[in-house]
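Subject: A structure for you to look at

Dear colleague,

Please open it first, and then read my notes beside it.

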Amino acid sequence: QLQLVESGGGLVQPGGSLRLSCAASGFTLIGYNIAWFRQAPGTEQEGVSASSPYSGRTATYYSDSVKDRFTISRDNAKSTVYLQMNSLKPEDTAVYYCAASRYNGRATLSPSTYDYWGQGTQVTVSS
């Protein structure tokens, strides 16, 4: 059974940092696109970052709202994907989800292209 489990969320002050983890079980990350999404109350789900295996290396993508502040990475040996979040802002407050789909081209930030989802982890940025 394919499962994704996020962890690492919490309360942090503006300007602080958090690192989210997404542990995969039942499959390896090799050959899968992985992405992070977030959803704040009353808003639509937003694609934050994505990672896809490509020609022996990993390609990464970011939304404009987090570019240069967030970094996605993966450890295939540990079947874990990370989202390092720096310079956090109150508007980053949301439930963060990781998602996966078998590689079928470039990773996207569209939720409809992912088949497997974690349960989410809450990130709150507040003083």
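Strands S7 and S8 run antiparallel and are joined by six bridges; here strands (E, at least two residues) and helices (H or I, at least four residues) are DSSP runs, numbered from the N terminus, and two strands pair if DSSP finds at least two bridges between them. Before going further, please keep in mind that this is a predicted model, in which local features need pLDDT of at least 70 and side-chain atom pairs count only at pLDDT 80 or more, while totals for chains, interfaces and linings use all residues. Residues are numbered from 1 along each chain as its sequence is written, and side-chain values use heavy atoms, with hydrogens and water left out.

To return to the strands, arginine 74 has valine 81 in S8 as its bridge partner. S7 and S8 form a hairpin with four residues between them, and in that turn serine 79 has a positive phi of about 50°.

On S8 there is also pairing with strand S3, residues 18-25, which runs antiparallel to S8, residues 80-85, and is joined to it by six bridges. Within this pairing, serine 21 has tyrosine 82 as its bridge partner in S8, and alanine 23 stands opposite threonine 80 in S8. Five of the six residues of S8 are buried, so this strand is largely enclosed by the rest of the structure; buried means under 20% relative accessible area, exposed means over 50%, and partly exposed lies in between, with a 1.4 Å probe and protein chains only.

These strands belong to an open sheet of four strands in the order S1-S3-S8-S7, with antiparallel pairing. Its edge strands are S1 (3-7) and S7 (70-75), each of which pairs on one side only.

How many salt bridges does the structure hold? There are three, where a salt bridge is a side-chain nitrogen of Lys or Arg within 4 Å of a carboxyl oxygen of Asp or Glu. In one of them, glutamate 46 meets arginine 38, with the closest N and O atoms 2.8 Å apart; glutamate 46 is partly exposed at 27% relative accessible area, whereas arginine 38 is buried at 6%.

Arginine 38 also forms a salt bridge with aspartate 92, at 2.9 Å from N to O. This pair links distant parts of the chain, since arginine 38 is in strand S4 (residues 32-39) and aspartate 92 is in the loop between S8 and strand S9 (94-102), 54 residues apart. Aspartate 92 counts as buried, at 0% relative accessibility.

The side chain of aspartate 92 meets that of arginine 69 in a salt bridge as well, at 2.8 Å from N to O. Aspartate 92 lies in the loop between S8 and S9 and arginine 69 in the loop between strand S6 (57-62) and S7, so the pair ties together parts that are 23 residues apart in sequence. Both aspartate 92 and arginine 69 are buried, and salt bridges that share partners join Arg38, Glu46, Arg69 and Asp92 into one network.

Finally, please look at two loop residues. Aspartate 68, in the loop between S6 and S7, has a positive phi of about 75° although it is not a glycine, and it is exposed, with a relative accessible area of 77%. Serine 87, in the loop between S8 and S9, has a positive phi of about 50° and is likewise not a glycine, but it is partly exposed, at 42% relative accessible area.

With best wishes
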